[in-house]
Amino acid sequence: MSIEVNFMIGGEAGQGVQSVGFMLCKALARGGYHIFADQDYESRIRGGHNFFRVRASDSPVGAVIEPLNFLLALNRESIDLHRGELGPDGIVIYDRAKITGIAEGDDLFGVPLEELAEIAGNKVMANTVALGAVAGLIGYDREKINQVLTEQFKGPVGEANIAAAKAGYDFTEQNFKGKTGFRLKQASDARRLLLSGTDAIALGAIAAGCKFIAGYPMTPTTPILEYMASKAKDHNIVVVQPEDEIAAINMTIGAAYTGMRAMTATSGSGFCLMVEGLGLAGITETPAVVVLGQRPGPAIGLPTRTAQEELEFAIYSGSGEFPRAVLAPATIEESFWLTTKAFNLAEKYQTPVILIIDHTIATSYTTVERFDLSKVVIDRGSLYPDKSVVKPEEYKRHQLTDSGISPRAFPGLSRALAITDSDEHDEAGHLIEDAKTRNEQVEKRMRKITGMRNEIAPPRRCGPHTAETTLIGWGSNYGAIREAIDILSKEGTKVNALHLSELWPFPADAMTDALKTCQTTYVVENNAAGQLAHLIRAETGFSVSGRILKYDGRPFTPAIIADKVRRKEVVAW
Amino acid sequence: MVTTETARVTTADYAGLVPAWCPGCGNFGILNGVKRALVDLSLEPSRVLLVSGIGQAGKLPHYTSGNVFNSLHGRPMPVAIAAKLANPELTVIAISGDGDAYGEGGNHFIHAMRRNHQITYLVHDNQVYALTKGQASPTSDSGYVTKTTPQGAPFPVNPLVLAIAAGCGLVARSFAGDTNHLAEMIKRGIQHRGFALIDILQPCVTFNRVNTWDWYRQRVYKLDGEAGYDPSDKTVAFEKAQEWGERIPVGVIYEKERPTFEDSMPALAKGPPVKLELKASEAEPLLDEFV
Ligand SMILES: Cc1ncc(C[n+]2csc(CCOP(=O)(O)OP(=O)(O)O)c2C)c(N)n1
Ligand SMILES: [Mg+2]
């Protein structure tokens, strides 16, 4: 029997929902559990309703699922809203002294959270008491809880928190022993990493040798900028928070032109401001890695929720035509590897590369096997070899070549002059107006697409080779789609999936081949238009049978997808 | 690595393409001033980076030599800033028109001065949008009539006052008609530790029929000759920066050094970041923090 436990911590902003959730993840991960955790929060600093879901299992997990086993309710609203999500043996841990007048039931496990916190030193530690309480209920190793508390809180505050957790642990152990069937022992000795998507991208960037980031804060990619800033000193990373996203993309381009691996990170609104800059990177053939963390739009939309509404924008935005790559990691682990790939593609093809993620990937946490850094490739592409150029005019930044790739020289590192222009230019980089040179440069740039397309991964197939229904997805829905396949196959419905993590240049041939064996095809997307469906049609001529869409800002779960497939609830517009 | 040159840098080293500006344009004087300053400072073209925007002014780098990034309209500043951070050994000069610098690029302008990047900013101020054929610019005189401002241009921005307020370390004005003075100002700018703004009065012979060569020649006077003018006195500088009309001062209006943005960057401590070796193993100790 596999072990599988779902927790939810609910409360107001400011009650420490996120920190308890994260510490629970960390403590369970150190017990060898696989974790998938997501966050639902409002765009406010205090009040409102937030929750953090933690799924722990002894086998790998890639989505949150229903039902809940434990609800740690730090306020009344959490009970009102989520009690119904509990499974048959589900348990609510709550403060009986503070929350009264709720319908009685066997699921209610009252713990005097605030009172115990106050005894331990301060009632703000009610969340830590709750953490201890749930650990006591599942009989989890106290040491692991203490360890994460010590790491989270230093000095006397740490000691007080350990006391608070102990009080919660002792209370549930004494009062509820034997009343719940869940016992979580050490699952294995595995020492996995516990990462959010933004952690994975920041680590990927550092591993790839990125030492320049310019970014203007915007959910959900701000943590990338913050993480890089926290490592700026030890790892010689230039981190700039400029006046706006226009500056951010232009700084990225300036640093890359000068020879650094450079990036920026933003969300939809910020990306809008960067679009002119994408064209600048395109025509000056400057590498630029842009992380686009999607949230529901248009404009400000739902700032703290998830969406996949900017696929077509990422692919088609900009004035004029120029090559680019668009990569969309399916998992947090893949976010690391595709970040390293983004830098290689950007430098080899001297183009912008957009790493498009959704809020779910950015803000969820999962356990991954430690990255083998010896497998990280740093390919800087074609560099101008001759550092002893005598006549500066020997070097031509935009030299015509068969591949379309011109060797790069960096300003100040040799006598070669790096000359480039946002105007159409000649091989030397000076502005021109004539038709012949214009055509040569357009064609040179477009030739790079051929090479780039060859590096794009084909769609990944999951589930049986042939099936009645094929689900086609991109981004974070990968995890939920995979489990939806399992749910449906247990019911005897044969379903498989095609998943695209590398979307541009579109792998049209591989996708056309893959679609040949499909019967009913549904895209699964967090948008209202079915943007992947458009893209597939535009690039392969194939029309999907239907679209499973969700645009309420909340992620799909496996059960939601399975249900829509079962009921053929697909969007017709 | 650039080796120290024994051969002298001459004007010939700074030859470029033939300018496509109108005959008689103030930009020619500016081009000569730039070349003279770079030659006087014995800077090899390969050690210089010219980052320009879009407009007639933005074409200047093509007409001389050096590394060139001719960027978007209004955006040379962020490109220049990042290039300087990536390789502080480069002499980075940003070049704009008045529209490029104070209109489209206005936000970058303010914040670049506030952060105090080690950059010299040359603004060819012809008080008009020349490349787009004569519309009003942010520095057009009040009431200046163009096709887009038939009722006359609104109140102009005063770039020098703005610069002093924003914390710019060296605030200067020069005139395209005085190459010697301009070259001096550019040299002062390059040698200044921190951000230097040089607003250059530039007659536009085609579109600006008000602020002409004669108009400027009658009004411009040199501050350097003013007995007792102290450019480190901010209050006096604010006042001087507002003088416009009958008499227009040129020279260093304000100068005060303060720590630069580059000084605050720990990443630059090990030398130019662009020269650092890239290795994936760098991330190894970071992974431990996530276990
Ligand atoms: C985003 C954008 N908007 C508008 C333009 C058109 N445009 C090009 S140059 C220019 C103004 C030029 O004026 P200025 O910067 O003063 O330079 P000048 O030509 O006078 O030297 C404009 C509006 C553009 N290239 N890009
Ligand atoms: Mg102008």
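These are my notes on the two ligand sites in this predicted model.

**Ground rules.** I kept to the model's limits: local features need pLDDT of at least 70, side-chain atom pairs count only at pLDDT 80 or more, and totals for chains, interfaces and linings use all residues. Residues are numbered from 1 along each chain as written, chains are lettered from A and ligands numbered from 1 in written order, and side-chain values use heavy atoms, without hydrogens and water.

**Ligand 1.** I looked up its neighbours (a heavy atom within 4 Å) and found 17 residues, with B:Q56, B:D98, B:G99, B:D100 and B:L131 coming nearest. Chains A and B both supply residues, so the site is shared between them.

The side chain of B:D98 sits at 2.7 Å, the backbone of B:Q56 at 2.8 Å, and the backbone of B:V128 at 3.0 Å. The protein buries 77% of the 590 Å² that ligand 1 exposes when taken alone (Shrake-Rupley, 1.4 Å probe).

**Magnesium ion (ligand 2).** I listed its protein donors (N, O and S atoms within 2.8 Å of the metal, or 3.2 Å for Na, K and Ca; water is not among the atoms, so sites may look incomplete). They are B:D98 (OD), B:N126 (OD1) and B:V128 (O), at 2.0 to 2.2 Å.

B:D98 belongs to helix α3 of chain B and B:N126 to the loop between β4 (120-125) and β5, so this pair ties together parts 28 residues apart in sequence. The elements are DSSP runs, with helices (H or I) of at least four residues and strands (E) of at least two, numbered from the N terminus.

**Burial.** I find B:D98 buried at 1% relative accessibility, and B:N126 buried at 5%; buried means under 20%, exposed over 50%, partly exposed in between (1.4 Å probe, protein chains only).

Terms used. Polar contact = N/O pair within 3.5 Å; in protein donor to acceptor, adjacent residues only side chain to side chain.
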